[in-house]
Amino acid sequence: MIGSIIAVVLPYLVVLSGFGHLAMAGTMLKPHVNSGILDKYDGRHISYTITLQENEKLEAGLPVTLNERSGKNGRGIALQDIAAPPHICMDRISDLKNYPKMVPKVRKVDVYEEETFVNGTTQVGAAFEVGIGLITFNYYLMLKHEPKYQTFTWSLDYRYFSDFDDNVGHWQVMPHPTKEGWSRVLYSCAVQLPTWVPEFIITFLTKTALVEATTWVRQESEKLAADPVRSAEVDVFNVPDVRSCFKSNDTSAWYETSCSEVEQQGSVENTENAESNPVTPRKRKMQHRDSAPSSTTTASENDQNTFANRITGFFFQGVQAPSDLASQESGEVEASVGAAEDLKRIQLSYERFQMLRL
């Protein structure tokens with residue numbers, strides 16, 4: 001996932017910063033600098049076209065990547081055939097709480113919000129901490145699992161400040177076109193990085209990070225599928241039979257989304273359509289740590305949030321991050337709790353953090 005991108009970028013940030021220990025400034029104490037720059041994925045299947053040679057690589061168990069570049073943002077697609085059924089692959093992809101055990105460079109994932117809708121769609125807010133050695137990188141994602149499409153998409157949670165300008169992504173799990181009990185997994189991710197990040201890093205990560213993301217999913221899915229006890233505990237879902245959506249001719253192979261839409265509509269006859277009928281939450285729980293203030297960040301405050309200012313926290317040894325201070329006072333609360341109580345908690349956490357820095 002996004003952790004693979006961080007793993008590529010972080011070593012270069014250390015060199016650029018001139019420090020041996022680099023930390024960024026992701027925090028829940030203020031909103032993100034924008035409300036979204038990149039086009040978001042909508043949860044529906046996305047198409048792809050590859051050469052016959054690339055299709056042979058897939059059949060041989062190797063990943064295939066497709067990349068697009070535009071300025072400081074890159075969007076790519078990775079395809080991987082996996083010797084595990086779709087429900088096992090999606091279980092690994094959506095198991096955020098075990099990411100630190102499965103995904104390289106992911107140190108911590110804190111799920112602070114969970115919501116399940118009546119049509120089965122689930123939405124999760126999660127704080128990620130990723131790093132290499134002494135380097136840490138923090139960001140907040142809003143992730144959504146769409147059962148009727150068997151996709152898992154995300155964007156930044158723009159209520160909170162992340163160490164990315166923007167990031168969106170998409171997992172798509174399909175039955176393998178020819179191999180029973182196998183899956184074809186599609187991963188797509190777009191990232192917008194700060195303007196000071198060198199060009200060669202953007203070029204490098206748009207390919208390397210894609211391969212790393214599908215590699216861990218393949219390894220963990222096949223490991224789980226090979227364990228009859230553990231795999232039997234995974235919920236099996238009805239996957240739309242989209243095998244007829246895979247096409248090929250003498251020169252290329254492709255996946256048709258129009259075909260997949262028809263198959264998926266037939267698979268969810270008894271569920272609500274989340275697009276035409278707004279769904280209501282079946283249950284909503286939030287675990288507050290240090291929610292962002294309601295006021296917006298001013299232009300002058302954004303100007304002060306330079307790279308140099310964002311790394312000064314390293315020199316305060318033993319000082320906890322504001323998210324850690326607030327998490328000590330956190331607890332699961334229902335969403336109906338008044339905003340006044342949350343605001344008091346925010347103010348207290350921020351004041352304690354400022355005092356420690358003095």
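1. Gln-150 sits in the loop that joins β6 (135–146) to β7. In this predicted model, the phi of Gln-150 is near 55 degrees, a positive value for a residue that is not glycine. Most residues other than glycine have a negative phi. Gln-150 is buried, because its relative accessible area of 2% falls under 20%.

2. With a relative accessible area of 36%, Lys-105 is partly exposed.

3. Where does confidence reach its highest and lowest values in the protein? Strand β7 (residues 151–156) has the highest, at a mean of 97, whereas helix α9 (residues 307–310) has the lowest, at 34. Across the protein the average pLDDT is 74, and 60% of the residues score at least 70.

4. Two stretches should be treated separately. Residues 10–22 keep a pLDDT under 50, although the model gives them 31 contacts beyond four places in sequence. Residues 349–358 likewise have a pLDDT below 50, with 17 contacts in the model beyond near neighbours in sequence. Where pLDDT is low, the predicted coordinates should not be read in detail.

Methods. Residues are numbered from 1 along each chain as its sequence is written. This is a predicted model: local features need pLDDT of at least 70, side-chain atom pairs count only at pLDDT 80 or more; totals for chains, interfaces and linings use all residues. Side-chain values use heavy atoms; hydrogens and water are left out. pLDDT is the predictor's confidence in each residue, from 0 to 100. Helices (H or I, at least four residues) and strands (E, at least two) are DSSP runs, numbered from the N terminus. Contact means heavy atoms within 4.5 Å. Buried means under 20% relative accessible area, exposed over 50%, partly exposed in between (1.4 Å probe, protein chains only).
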